[in-house]
Amino acid sequence: MIDFLNSVIVLLNFIIIPGITYGSQLAIGALGVTFVYAILRFANFAHGEIMSFGAMITILFTWFFQSQNIGLGILPTALIALPIGILATIILCIISDKFVFQYYRYQKSVPVVLAMVSIGVMFVINAIIRIIIGTETIKFSDGQKFIMKAKQFKIMTGLNEGLALKSSQVITILITIALLTFTFWFLQKTKTGKSMRAFSDNEDLALLSGINPDRVVFITWVIVGVLACVAGTLYGLDKSYKPIIYLNLVLPIFASAIVGGIGSPFGAVVGGYVIAFSEIMVTYAYKKFFVYILPSSLEPSGLVQLLSTDYKFAVSFSILVIVLLIRPSGIFKGRVL
Amino acid sequence: MMKFERYEWVAIAIMISLFIFVGFIQGWSVSLVILNMCIISAIMTMGVNISWGYAGVINFGVMGFLAMGGLAAVIVSYPPITESWKAGGTGIGISFILLVILVTAVMYINKAVTDKRNRYIFNTIVIIFGILVIRYFYLNATESIEDVNPAIAGFLGGLGLPIIFSWIVGGFFAAGVAFIIGKVALGLRSDYLAIVTLGISEIVVSVLKHEEWLSRGVKNVIGLKRPVPYEINLQNTDWFINLITYLNSSKLNNIVDVSDRQQVLNNLIIDGSGIFVKLSYAVLFLTVMFIIFYFANKAQLSPWGRMMRAIRDNETAANAMGKDVVKQHLIIFVIGAAIVGVAGAMLVTLDGLFTPSGYRPLRFTFIIWIMVIVGGSGNNLGAIFGGFVIWFSWIEAAPLTTFIINQLTAGLEPTNALKLHLLDSVPYFRYLFMGLILLLILRYRPKGIIPEKVRHS
C-alpha cells in the first residue's frame, strides 16, 4: 500500500503537476493563436514574440517595484507588474494591427501573405526585445518559492517520495482557471462575445447584420494581448525568462492550437494539455515508478524511457503530424469560435 | 537564350558594385567572405523560389534540408572509423533492416486490412512491437559506437571521398526527407503546411543533434577536407609565389633593400593565399549557381513550368484539365528541397565543420524566406538578387548601425549609459532591419524587387 502511494506521488510530482502547469501555459498561448486565426484568419507567427514582449514589460516593472520596495510579501512582485505588462502588450497588438495588419485585411489578402507579414512583425518585435533587455536568462520570481517542499511533505506523511509544489505552479493554475472562465463566459454570454462568434462563423452574414468589423478586430487584439502577456509572464515566472525560448515556444503552441482544432477556443485549451502531457509522459523515465509498483523480481534494469528528453520538442510535432493525418480538422472540429 | 531587361542589368550591376565597394573599404578578403555566403544564400533562395514561386508550394523546412545537406558533407568526406564500424556496424545494420521490414509490414496492413478500426489496431500493435525490437538492437549498437574514443570519434565516420561529391549527395538526402514530408503533409492548406514543415525541420535538426553515432551531435564534426588548396600549402608552392611576385612586380621593384623586399613579399603571399582560397571557393560556388540558374530558367520556360504556373494560379482549373496536382506538388517540393540540400552541403564545405546546434529557424528558415520575398518570387534572377542583397545587409547591418548610433549619440558622453547600451545591442539591430525590409517590401512592392515576368505565350 505504501509502495502504491509512493508511486502515485512520483507520478504526481514528476508528471501531473508539471504537466498541468506547462499545459496551462500552452493553453493560454494557443488560445491567443486561435483567436487571431478565427477572427483575422491567419497563422500569427509573431505570437511568441508578443508573449515575450509582455513578459519583458512585466519584468521591467517588477524591477522597478522591487527597487521601490513595493512587494506582495509571499507572492511574487511580478503579479503587481502584470497589469501594466498586459496594457503594454495590448497597445503593441493594436499598434501592429493599425500599422501593419489592417492594410492587408482591407486588401483581403490571402492567409499566406498575412502569415509572411506576421513573420516581419516577429522580426521587429524580436529585435526590440533584444535591444531593450538583451538575451540573458532572467529570473524574476521572488516571494516564497515553494508552497510545499519535498522534505516537508516527506516528514508530514512519512512516505519515501517527496511532493514539491512551487508557488509559481499554483499561481499559473489559478490564473489559468480564472482567465479561461472569463474568456468562455465572455464568448458565450456577452453581446460582444456573441458578435465575435458570429463574425468568425460567417463574416459576410455578420457584416450584413450590422456588426462593426473594426470593433470586433479591436476586441480580438485586446483579448490576444491579455492572453499573450499572461502566458508569457507565467512561462517566464515558472521556468525563467529567456528571449530565445519564446520563438521555440511558438511551435508547441501552434501544435496545441491545431491538435485541438484551430479556430476552436475549447480545442486550443484541450490541445495545450494534450501536447504538454504527451511531451512529459513520452520523455519521462519511469524507472522509479515501476520500482514501487512492481514486485522486486520484475524491477526494470533500464530507465524505462520511451524517448530521451532531448526529443521533448519533437514529440509535440509528431503528435501534430499524427493528428493531421488521422483527423485533419483537429480533435474538436475547428474553424469557428 | 536569356534576355535581361534593363532593370535586371541594373540589379546585376548593383550586386557586383556592392562587392567592389566593400573590397575597397573593408578589404578584398571580407568582400569575398560575404560573396561566398551570398552565393550559397542565392542557391538556397532559388530552391525555395522554385517550390514557392513556380507552384505556390510553401516550404518552411529550409533549415532541415540544409542540415541534411550538411550531414551529407560529413558522411561523404569524413574518413571511415573502422573501430566504430566493428563495434556497432552490425547492430545498426540489423536495426535498419528491421526498420525496413516494419515499414513494409505497415504498408501491407494498410493495403490488406480494409476495416478502418482494425487497421488502426493492427498498425498500433505492429509499430509498438517493432519499435521495441528495434530499440534493443539499436540502443546497444549506438552505445558501443559512442563509446569508441568519444573525445575525437564516437561516431561512424563517413566514406572518405572528396567533399565535392557531397553536394550531389546532399541534394539526394534532402530530396529523400522532402519526399517523406511531402507524402505526409502536402495535402494541407498552405499555412498549415508552413507550420508542419517548420516543425518537421525542427525534428530533423533535433535528430542530428542527438544521434551522436551518426553526426557526433552537439560535439560537432570538425576538420572536414576542403575541395580547394590550404593556405599553408599554397604559401610554399613555387607557382603561387611566382604568381604573386609577377602580379606585384612593380611594387616590389621599387624596394631596394633585399630583406625588406622579402618581408613585403611574404606578407603579400600570406594575404594572397587567403584571397586565392576564397576566390577558388567563389568560382566553385558560382559554377553551381549558374548551372542551377540555367536549368531553373529553362524549366520555368518549358511546358512543365507553364503547367506549374497553371497549378499555382488556379488549382481547380488545372485539375480539371487533367493535371495531377498532388503529384506535381510533390515533385516540385522535392526538387526545391534538393536544391536547398545542395546549398546545405556547400555551406558545410565552406565552413569545414558541421555544427548541428547551429541550425536555428530564425537564421536558416525565415531569413531565406525574406530573401525570396524581397527578391521576387517566381523570378530566378530575383531570387539570386534577394539572396545577395539580404545577406549583404545582414552582414553589413552591424557596422552601419554602429556608425548611425555613433552619429546620433555624438553629443553624449562616451560613458553615457544609453549610448553604451545601444552599442552593446548592435548585433540585434539586424533583426530590426530584416523585419522592416520585409514589411516594407510586402507593403509597397508585394511582388518583390524583381517581379516575375508575365508571359503571354
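The axes of α16(B) and helix α19 (residues 429–444) of chain B come within 10 Å of each other and cross at roughly 30°. Axes here are lines fitted to C-alpha atoms, for helices over the stretch in contact, with angles from 0 to 180 degrees between N-to-C directions. Helices (H or I, at least four residues) and strands (E, at least two) are DSSP runs numbered from the N terminus.

The model you're looking at is predicted: local features need pLDDT of at least 70 and side-chain atom pairs count only at pLDDT 80 or more, while totals for chains, interfaces and linings use all residues. Residues are numbered from 1 along each chain as its sequence is written, and chains are lettered from A and ligands numbered from 1 in the order in which they are written.

## Helices packing in chain B

Back to that opening pair. The crossing of α16(B) and α19(B) is left-handed (the near helix is turned anticlockwise from the far one by less than a right angle; clockwise would be right-handed). On the α16(B) side, the contact uses B:Ile367, B:Ile370, B:Ile373 and B:Val374, and α19(B) answers with B:Met434, B:Ile437, B:Leu438, B:Ile441 and B:Leu442. Being in contact means that two C-beta atoms, placed from the backbone, lie within 7 Å. Sorted by class, this contact has nine nonpolar, no polar and no charged residues. Ala, Val, Leu, Ile, Met, Phe, Trp, Tyr, Cys and Pro count as nonpolar, Asp, Glu, Lys and Arg as charged, and the others, Gly among them, as polar.

Helix α16 (residues 361–375) of chain B has another partner, α17(B), packing at about 125° with the axes 7 Å apart. That angle is why α16(B) and α17(B) count as oblique to each other. Angles under 35 degrees are roughly parallel, over 145 roughly antiparallel, 65 to 115 roughly perpendicular, and the rest oblique. This time the crossing is right-handed. From α16(B) come B:Ile367, B:Ile370, B:Met371, B:Val372, B:Val374 and B:Gly375; these meet B:Gly382, B:Ala383, B:Phe385, B:Gly386, B:Gly387, B:Val389, B:Ile390 and B:Trp394 in α17(B). That contact splits into 10 nonpolar, four polar and no charged residues.

Helix α17 (residues 380–408) of chain B also packs with helix α1 (residues 6–26) of chain B, at an angle of about 30° and with the axes 11 Å apart. That makes α1(B) roughly parallel to α17(B). The two cross in a left-handed way. B:Glu8, B:Ala11, B:Met15 and B:Leu18 of α1(B) meet B:Leu381, B:Phe385, B:Phe388 and B:Phe392 of α17(B). Here the tally is seven nonpolar, no polar and one charged.

## Chain B as a whole

Zoom out, and chain B has 19 helices and zero strands. Its C-alpha atoms fill a box of roughly 90 × 60 × 55 Å, taken along the principal axes. Of its 457 residues, 41% count as buried. A residue is buried with 20 or more other C-beta atoms within 10 Å of its own, exposed with 12 or fewer, and partly exposed in between; C-beta atoms are placed from the backbone. Among chain B contacts between residues at least 6 apart in sequence, 83% join residues at least 24 apart.

The chain is assigned two pieces: domain 1 (6–80 + 157–444) and domain 2 (81–156), with bounds from an automatic or database domain assignment. The C-alpha centres of these two domains of chain B lie 35 Å apart. Domain 1 of chain B gives eight residues to the contact and domain 2 of chain B gives 11. On the domain 1 side, you'll find three nonpolar, two polar and three charged residues.

B:Ile241 lies in helix α10 (residues 238–247) of chain B, and its C-alpha atom is 62 Å from that of B:Gly130, 111 residues apart along the chain. B:Ile241 counts as partly exposed because 18 other C-beta atoms lie within 10 Å.

## Where the chains meet

Between the chains, 34 residues of A are in contact with 32 residues of B. On the chain A side, the elements giving two or more residues are α3 (78–107), α4 (111–133), α10 (243–260) and α13 (312–326). The largest share, 14 residues, comes from α4(A). The chain A side divides into 28 nonpolar, four polar and two charged residues.

## Two loop residues in chain A

A:Arg41 is found in the loop between α1 (2–40) and α2 (47–67) of chain A, and A:Lys108 lies in the loop between α3 and α4 of chain A. Neither is a glycine, yet each has a positive phi.
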